[in-house]
Structure formats: C-alpha cells, structure tokens
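Here are my notes on the model, as numbered points. Please read them with the structure open beside you.

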Amino acid sequence: MRWITATHLSLLAEERRCEELLPRIIQKLIISSSKEFPILDLPIGDSIFKPGWDGYCKVSEASLLLPKNESFWEFGRNKDYISKFKSDFENRNSTTTSQIKKDSTFVFVTPRRWSKTNKVKIH
C-alpha cells in the first residue's frame with residue numbers, strides 16, 4: 001500500500017498530469033470510503049475534458065468523506081484555489097435548479113493546502 005500525503009498532492013498540483021490523476025485518486029477514495037458501491041460519474045484520465053460538472057456521486061448513507069444523497073463535484077489545481085472555488089461555486093449556483101441545490105451537496109477538490117486562515121465568504 002502506498003500512502004499519499006498532502007505534500008505529494010501539493011507537488012502534483014504543479015504538474016499538468018494532476019488534472020488527470022487527481023480524479024482517479026478521488027474516485028478510489030470515494031469507492032473505498034463508501035459503505036455501499038456509490039452511483040459515480042467521475043471521469044478520469046483523458047475523459048476529464050467534458051462540459052458540465054467534473055463529477056457526480058450518490059450514496060444513501062453518509063461516510064467520513066461523502067455527503068449523503070447526491071453530490072456534485074468540481075476540481076481545480078489552480079494556485080489561486082480560492083478564486084477557482086468562488087468561480088466554480090458562483091457558476092454552478094447560477095445554473096443549478098433550486099431543487100437540486102436544496103437536495104444535494106457541492107464538493108470542491110483541490111490538491112493545494114487550504115489554509116485555515118483562508119476562509120471564503122459566499123454571497
């Protein structure tokens with residue numbers, strides 16, 4: 001078994017291949033942390049370049065890493081991860097129906113170290 005640390009992810013964020021590898025890592029984490037096999041649409045490798053959400057997951061029971069029910073995922077390796085998060089959130093918030101927003105969770109994934117002091121206000 002190989003352990004992946006925050007330092008490994010931070011270093012990977014500097015490489016273009018992170019865009020293809022990070023979803024694979026997250027896919028494995030989702031499957032291994034779910035108490036059931038999730039409904040999962042998380043393109044990996046060269047399939048990542050598609051319009052719409054970067055990922056979708058549905059589980060009937062929450063776990064440590066997964067929210068219950070539907071979750072919609074966005075990924076970003078940008079150095080300015082807070083701007084990427086805000087941009088993705090605002091874009092998805094404006095194009096997602098109120099019923100889906102009420103019944104689901106938005107998940108943003110970055111390989112960057114998110115400092116506890118970098119709090120984000122959403123309007």
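1. Arg-92 and Glu-74 form a salt bridge, with the closest N and O atoms 2.7 Å apart; the term stands for a side-chain nitrogen of Lys or Arg within 4 Å of a carboxyl oxygen of Asp or Glu. Arg-92 belongs to helix H3 and Glu-74 to strand E3, so the pair ties together parts that are 18 residues apart in sequence. Both Arg-92 and Glu-74 are buried. Buried is under 20% relative accessible area, exposed is over 50%, and partly exposed lies in between, with a 1.4 Å probe and protein chains only. Helices (H or I, at least four residues) and strands (E, at least two) are DSSP runs, numbered from the N terminus.

2. A word on the basis of these notes: this is a predicted model, in which local features need pLDDT of at least 70 and side-chain atom pairs count only at pLDDT 80 or more, while totals for chains, interfaces and linings use all residues. Residues are numbered from 1 along each chain as its sequence is written, and side-chain values use heavy atoms, leaving out hydrogens and water.

3. How many salt bridges are there by this rule? The count is nine. One of them joins the side chains of Glu-19 and Arg-77, at 3.0 Å from N to O. Glu-19 sits in helix H2 (residues 18–33) and Arg-77 in the loop between strand E3 (69–75) and helix H3 (81–95), so this pair ties together parts that are 58 residues apart in sequence. Glu-19 is partly exposed, at 28% relative accessible area, and Arg-77 is also partly exposed, at 23%.

4. Lys-35 and Glu-61 form another salt bridge, their closest N and O atoms being 3.2 Å apart. This pair links distant parts of the chain, 26 residues apart: Lys-35 is in the loop between H2 and strand E1 (39–41), and Glu-61 is in the loop between strand E2 (55–59) and E3. Lys-35 is exposed, with a relative accessible area of 59%, whereas Glu-61 is partly exposed, at 42%.

5. Back to the buried pair, Arg-92 and Glu-74.

6. Helix H1 (residues 6–13) packs against H2 at an angle of about 150°, and the axes are 9 Å apart. Axes are lines fitted to C-alpha atoms, for helices over the stretch in contact, and angles run from 0 to 180 degrees between N-to-C directions. H1 and H2 are therefore roughly antiparallel, a term for angles over 145 degrees. Leu-9, Leu-12 and Ala-13 of H1 meet Cys-18, Leu-21, Leu-22 and Ile-25 of H2, contact being heavy atoms within 4.5 Å. The residues of this contact divide into seven nonpolar, no polar and no charged. Ala, Val, Leu, Ile, Met, Phe, Trp, Tyr, Cys and Pro count as nonpolar, Asp, Glu, Lys and Arg as charged, and the others, Gly among them, as polar.

7. Asn-69 deserves a look. Most residues other than glycine have a negative phi. Asn-69 is not a glycine, yet its phi is positive, at about 70°. Asn-69 is placed in strand E3 and is partly exposed, at 36% relative accessibility.

8. Asp-80 is in the loop between E3 and H3. At 46% relative accessibility, Asp-80 is partly exposed. Asp-80 and Arg-112 are 32 residues apart in sequence, and their C-alpha atoms are 9.2 Å apart in space.

Technical notes
Angles under 35 degrees count as roughly parallel, over 145 as roughly antiparallel, 65 to 115 as roughly perpendicular and the rest as oblique.
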